[in-house]
Amino acid sequence: MSKYEFKVRLGDTDLGGIVYYPNFHKWMDEATHEYLGAIGVPSSKLFSQQNIGVPLLESKCKINSPLFFEDCVEIVSTVQELFNKVFKIRHQFYKDEHVVAEGYEIRAWATFEGKLKTHPIPQDIREKMVPEKE
């Protein structure tokens, strides 16, 4: 599990002052990379040292209540499912301890050497990503 905290910026909102919905997907992406860093495999080093990336295969987010400019938000991210070359990561958005949105991403573990190709998640990393029991 990892936690990613941020404050909603004015540019994240529409003319009505409500967060524009694609930003939830942007923040889930950021939270995934924070998660990888928290388990000791920062995305930047994976790519620069091993030519490994985690391309997005699927993303879904359900917004339960709106967010506004300067709201403080915490995203809690946990791996929900772990397969040989793919993982599903769940993101819960909290404002004042209330879940305001929740979603998931399905990502592949892939090598960028030559043609993009999925690659088995190494065992030492898999051990850090073991899904938490609900």
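**A walk through the predicted fold**

Let's start with a pairing: strand S1 and strand S4 (residues 72-82) run antiparallel to each other, joined over 6 bridges. Strands here are DSSP runs of E with at least two residues, helices are runs of H or I with at least four, and both are numbered from the N terminus; two strands count as paired if DSSP finds at least two bridges between them. This is a predicted model, where local features need pLDDT of at least 70 and side-chain atom pairs count only at pLDDT 80 or more, while totals for chains, interfaces and linings use all residues. Residues are numbered from 1 along each chain as its sequence is written, and side-chain values use heavy atoms, with hydrogens and water left out.

Back to S1, which spans residues 2-7. Within this pairing, Phe6 has Val73 of S4 as its bridge partner. Phe6 also sits on the covered face of S1 along with Ser2 and Tyr4, whereas Lys3, Glu5 and Lys7 make up the uncovered face.

Now zoom out. The protein chain has 3 helices and 8 strands, and along the sequence they come in the pattern β-α-α-β-β-β-β-β-β-β-α.

Three of those strands make an open antiparallel sheet, ordered S2-S7-S8. Strand S2 (52-53) and strand S8 (117-118) each have a single partner strand, so they stand at the edges and one side of each lacks a neighbour in the sheet. S2 pairs with strand S7 (residues 110-111) over 2 bridges, again antiparallel, and Ile52 finds its bridge partner in Thr111 of S7.

Apart from neighbours within four places in sequence, Leu46 is in contact (heavy atoms within 4.5 Å) with Val41, Asn51, Ile52 and Trp109. Leu46 has a relative accessible area of 3%, so it counts as buried (under 20%; exposed is over 50%, partly exposed in between, with a 1.4 Å probe and protein chains only). Asn64 is another story: it lies 18 residues from Leu46 in sequence, and the two C-alpha atoms are 34 Å apart.

What about the chain as a whole? Its C-alpha atoms fill a box of roughly 45 × 35 × 20 Å along the principal axes. Buried residues make up 39% of the 134 residues. Of the contacts with a separation of 6 or more, 65% come from residues 24 or more positions apart.
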